[in-house]
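Let's take a walk through this structure together, from the inside out. Have the sequence and the 3D view ready.

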Amino acid sequence: MFDNNIVIYKFVQDLHFFITGGDDENELVLATVLQGLFDAISLLLRNALDKREALENLDIIFLCFDEVVDHGMILETDANVLAGKVAIQNMDASVTLSEQTISQALATAREHLTKTLLK
């Protein structure tokens with residue numbers, strides 16, 4: 001508790017992740033949100049969690065925040081779903097395969113393969 005707010009935190013190397021809620025919030029729900037957010041960011045940054053990598057990919061981290069919570073309502077806590085939504089939003093569909101990085105091209109190929117297998 002801090003000033004009538006519940007604060008859940010996680011420290012990893014030189015990064016600090018905090019989730020806060022009112023004193024009437026459920027601590028387990030807040031902890032689940034923090035863990036889902038942390039796992040999604042870890043997936044998207046390929047477990048390279050340090051300050052430099054976080055600053056270079058701040059847009060991806062903000063997209064994760066946006067997918068987790070909207071106007072105080074928790075939308076998603078599953079790390080795989082979050083990472084998938086952010087990866088899809090982060091890809092630029094107008095870029096041709098020859099202009100994409102290898103990881104972007106592999107993500108595009110994986111997405112197309114998944115779509116064809118699920119049909």
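Start at C64: beyond its neighbours within four places in sequence, C64 is in contact (heavy atoms within 4.5 Å) with L37, A40, I41, L44 and V86. Keep in mind that this is a predicted model, where local features need pLDDT of at least 70, side-chain atom pairs need 80 or more, and totals for chains, interfaces and linings use all residues. Residues are numbered from 1 along each chain as its sequence is written, and side-chain values use heavy atoms, leaving out hydrogens and water.

C64 is also one of the residues with the most contacts inside the largest nonpolar core, which has 25 residues. Such a core is a set of buried (under 20% relative accessible area, 1.4 Å probe, protein chains only) Ala, Val, Leu, Ile, Met, Phe, Trp, Tyr and Cys residues joined through side-chain atoms within 4.5 Å. Two or more residues each come from β1 (5-12), β2 (15-22), α1 (27-44), α3 and α4 (79-90), and α1 gives the most, with eight. Helices (H or I, at least four residues) and strands (E, at least two) are DSSP runs, numbered from the N terminus.

Now look at E67, in helix α3 (residues 58-68). What is E67 in contact with, leaving aside its neighbours within four places in sequence? The list is L75, E76, L82, K85, V86 and Q89.

Notes: Buried means under 20% relative accessible area, exposed over 50%, partly exposed in between (1.4 Å probe, protein chains only).
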